[in-house]
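Trainee: Please take me closely through one part of this model, saying where each term has its cut-offs.

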Amino acid sequence: MSLAARLAKLEAKHQQVLRCICCRYSLSDGFLESEIPHPESSNSVLQTKCWYCGTRFGVPLEGLNDPQREAVSLIYNSHPSRQFIDERVHAAHIWLRFSDSEVKKYEDSKVAPADGDARQKNYTRYGIMRRPLTLTEEKAKREQEERKQRAFEFHQCQTKRFKRLANGPESFPLDETLKQIQFADPSSRYYYDQIDEVILNHGFDKDSEVTRRAGSALDTCNYHLNNLKQREACELVLWDAALPQTLEEISFFEQENQRVINEALHAKQCEEEEKRIESERMKAEEQERIRINQEKQADAERIEREKEEQRRLCPVY
Ligand SMILES: [Zn+2]
């Protein structure tokens, strides 16, 4: 446990308010790093201080790309009231939620089945089964949960106070743009209608398996596209232009949508071809049956005619 985490724990135990509730929770949870500056790792940690109590701490930056670092830095280096009067700070908060690669999430979801979560619950990341917590550990866990809740409530309360003090606009133009994008959310009826329209425009049978599969795949792609459009809208506020990676990912999902439609069209053609072959086979079988029947009938008529001829030539019979 780091010095900061130990100190936070001691503070919590002795109720000494040297730090705010948020810092006591964040530092004891290891979410933020200690206040000791990291001169050798200035690239991996953002040094900043708490706006509530002045505690210095480091925000880990490892694994973040340059725009993510810039957004994190903009948020942590701006006074909490700035998010209510500066649209860029407001956009940075929202953008970070959408900043991870949607293509990666999409690709990962294809290889990792969703039911893995439940199975993983009792296992560590290395597949070793977790042992049950001891009573002391249970208690520590419960106390940490309580600290988390108190920190959350404190943060909410302070945010409201800063909002009141900032006296900024009710909303920014970005919020309106995001609302319009969210209107096309996959969970809304409107969105399904759009997918239905795409499918029906290509002449798909609404209840077929091909349509169901294509609809589901389009739905997934459009969910990611929706996130990317929101990311793009934030980037226009933050950097006056969409980032190349965002445009690439939008293009990826647009192509993916087209691929899904092409695949479904191909599956539909194959289905129709199979139906045509089956129908022709049945038609040929029917014709063969009619031909055999006609032959049988002709044979019977011929035999009957021959018998009649015999009776005519030999009346004794
Ligand atoms: Zn603090």
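Mentor: Let us look at helix 4 (residues 87-98) and helix 10 (residues 209-239), whose axes come within 9 Å and cross at roughly 150 degrees. Axes here are lines fitted to C-alpha atoms, for helices over the stretch in contact, with angles from 0 to 180 degrees between N-to-C directions. Before going further, keep in mind that the model is predicted, that local features need pLDDT of at least 70 and side-chain atom pairs count only at pLDDT 80 or more, while totals for chains, interfaces and linings use all residues. Residues are numbered from 1 along each chain as its sequence is written.

Given their angle, helix 4 and helix 10 are therefore roughly antiparallel to each other (under 35 degrees is roughly parallel, over 145 roughly antiparallel, 65 to 115 roughly perpendicular, the rest oblique). Their crossing is left-handed, that is, the near helix is turned anticlockwise from the far one by less than a right angle, clockwise being right-handed. From helix 4, the residues that make the contact are Glu-87, Arg-88, Ala-91, Ala-92, Ile-94, Trp-95 and Phe-98, and they meet Asn-227, Gln-230, Arg-231, Cys-234, Glu-235, Val-237 and Leu-238 of helix 10, contact requiring C-beta atoms, placed from the backbone, within 7 Å. Sorted by class, the contact of helix 4 with helix 10 comprises eight nonpolar, two polar and four charged residues (nonpolar: Ala, Val, Leu, Ile, Met, Phe, Trp, Tyr, Cys and Pro; charged: Asp, Glu, Lys and Arg; polar: the others, Gly among them).

Helix 10 also meets helix 8 (residues 173-183), the axes coming within 10 Å and crossing at roughly 165 degrees. That angle makes helix 8 roughly antiparallel to helix 10 as well, but here the crossing is right-handed. Helix 8 contributes Leu-174, Thr-177, Leu-178 and Ile-181, while helix 10 contributes Asn-226, Lys-229, Gln-230, Ala-233, Cys-234 and Val-237. This contact of helix 8 with helix 10 has six nonpolar, three polar and one charged residues. Gln-230, Cys-234 and Val-237 of helix 10 take part both in this contact and in the one with helix 4.

Ala-71 is buried, because 24 other C-beta atoms lie within 10 Å (20 or more means buried, 12 or fewer exposed, in between partly exposed). Apart from neighbours within four places in sequence, Ala-71 is in contact with Ala-92, Trp-95, Leu-96 and Ser-99, and Ala-92 and Trp-95 are also among the residues of helix 4 that contact helix 10. Ala-71 and Ala-91 lie 20 residues apart in sequence, and their C-alpha atoms are 8.9 Å apart in space.

As a setting for this part, the protein has 11 helices and two strands (DSSP runs numbered from the N terminus, H or I of at least four residues for helices, E of at least two for strands). Of its 317 residues, 19% count as buried. Among contacts with a separation of 6 or more, 59% join residues 24 or more positions apart.

Note on methods:
Contact = placed C-beta atoms within 7 Å.
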